[in-house]
Amino acid sequence: MSTITIRRGREADLPQVLGLIQELAVYERAPQEVTNTLEDMQRDGFGPDAIFKFFVAEQEGKIQGIALYYTGYSTWKGRMLYLEDLVVTESLRGTGIGKRLFDAVVAEARHTGANRMKWQVLEWNEPAIGFYKKIGANLDPEWHNGNLTIEQLQAYVCDPTVEMLVTQPQDEK
């Protein structure tokens with residue numbers, strides 16, 4: 001097997017990154033859930049208000065794995081890094097690529113002064129759970145994940161005065 005290089009992701013990597021995201025969705029039994037587009041990822045990762053970054057595992061010009069993360073904030077702990085997805089193409093799982101990508105995100109968390117790093121793992125993903133237990137990570141059974149879909153966000157009725165606060169231009173001070 002040729003050498004795997006871990007490096008920061010670039011905009012030109014996005015078509016292959018989206019392909020790995022779709023592969024992950026198939027593995028997680030939800031291929032229909034991927035609605036993200038290449039254009040969305042270009043805007044959100046490389047536009048003027050970029051909100052995510054990623055590392056890639058590359059072998060002979062082919063992206064074999066990704067670790068996509070963003071900065072979050074904890075009211076209790078301050079700055080944190082959130083690992084949204086760590087994906088290694090199926091044929092190379094178990095070869096250590098995932099650990100190297102995870103290491104890159106840990107190093108980034110340290111480098112940026114994060115006080116915490118968080119991620120999620122599906123309860124049935126035994127290989128991932130085994131990996132996280134092996135490295136000594138805390139897998140917290142007490143917290144439930146909450147989310148609203150785009151349809152639920154649109155249907156949700158906000159207090160009108162609060163919505164107006166968000167939608168009107170802010171005064172610069």
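A salt bridge is a side-chain nitrogen of Lys or Arg within 4 Å of a carboxyl oxygen of Asp or Glu. In this predicted model, Arg7, Asp13 and Glu58 are linked in a network of such salt bridges.

**View 1. Overall fold of the predicted model.**
The protein holds six helices and five strands, and their order along the sequence follows the pattern β-α-α-β-β-β-α-β-α-α-α. Taken along the principal axes, the C-alpha atoms fill a box of roughly 60 × 40 × 35 Å. The protein has 173 residues, of which 32% count as buried. The structure as a whole holds seven salt bridges, and some of these are taken up in the views on charged pairs.

**View 2. The packing of helices H1 and H2.**
Two packed helices are described by the angle between their axes and the distance between the axes. Helix H1, spanning residues 14–27, packs against helix H2, spanning residues 38–46, at an angle of about 115°, and the two axes are 10 Å apart. Angles of 65 to 115 degrees count as roughly perpendicular, and H1 and H2 are therefore roughly perpendicular to each other. The handedness of this crossing of H1 and H2 is right-handed.

**View 3. The salt bridge between Glu108 and Arg8.**
Side chains of opposite charge can pair when their charged atoms come close. Here the side chains of Glu108 and Arg8 meet in a salt bridge, with an N to O distance of 2.7 Å. The pair links distant parts of the chain, since Glu108 lies in helix H3 (residues 97–111) and Arg8 in strand S1 (residues 5–8), 100 residues apart. Is Glu108 buried or exposed? With a relative accessible area of 6%, Glu108 is buried, because residues under 20% count as buried.

**View 4. Charged side chains around Arg43 in helix H2.**
Asp40 and Arg43 both lie in helix H2, where they are three residues apart, about one turn of the helix. Their side chains meet in a salt bridge with an N to O distance of 3.5 Å. Arg43 also forms a salt bridge with Asp44, and in that pair the closest N and O atoms are 2.8 Å apart.

**View 5. Two residues with positive phi.**
Phi of Arg29 is near 65°, a positive value in a residue other than glycine. The place of Glu60 is in the loop between strand S2 (53–59) and strand S3 (62–74). With a relative accessible area of 72%, Glu60 is exposed.

**View 6. Gly96 and Gly98 at helix H3.**
Gly96 is placed in the loop between strand S4 (78–88) and H3, whereas Gly98 lies in helix H3. Gly98 and Ala57, by contrast, are 41 residues apart in sequence, and their C-alpha atoms are 8.6 Å apart in space.

Which residues make the nonpolar surface patch of about 440 Å²? The patch is made by Leu148, Ile150, Leu153 and Tyr156. Tyr156 is found in the loop between helix H5 (150–155) and helix H6 (160–167). With a relative accessible area of 53%, Tyr156 is exposed, because that class begins over 50%.

Notes
Residues numbered from 1 in each chain as written. Predicted model: local features only at pLDDT ≥ 70, side-chain atom pairs only at ≥ 80, totals over all residues. Heavy atoms only, no water. Patch = residues over 30% accessible without salt bridge, like charges linked within 9 Å, V, L, I, M, F, W, Y side chains within 5 Å. Areas by Shrake-Rupley, 256 points an atom, 1.4 Å probe, with all protein chains shown as cover. Helix = DSSP H or I, 4+ residues; strand = E, 2+ residues; numbered from the N terminus. Buried < 20%, exposed > 50% of the residue type's maximum accessible area, 1.4 Å probe, protein only. Axes fitted to C-alpha atoms, helices over the stretch in contact; angles between N-to-C directions. Parallel < 35°, antiparallel > 145°, perpendicular 65-115°, else oblique. Left-handed = near helix turned anticlockwise from the far one by under 90°.
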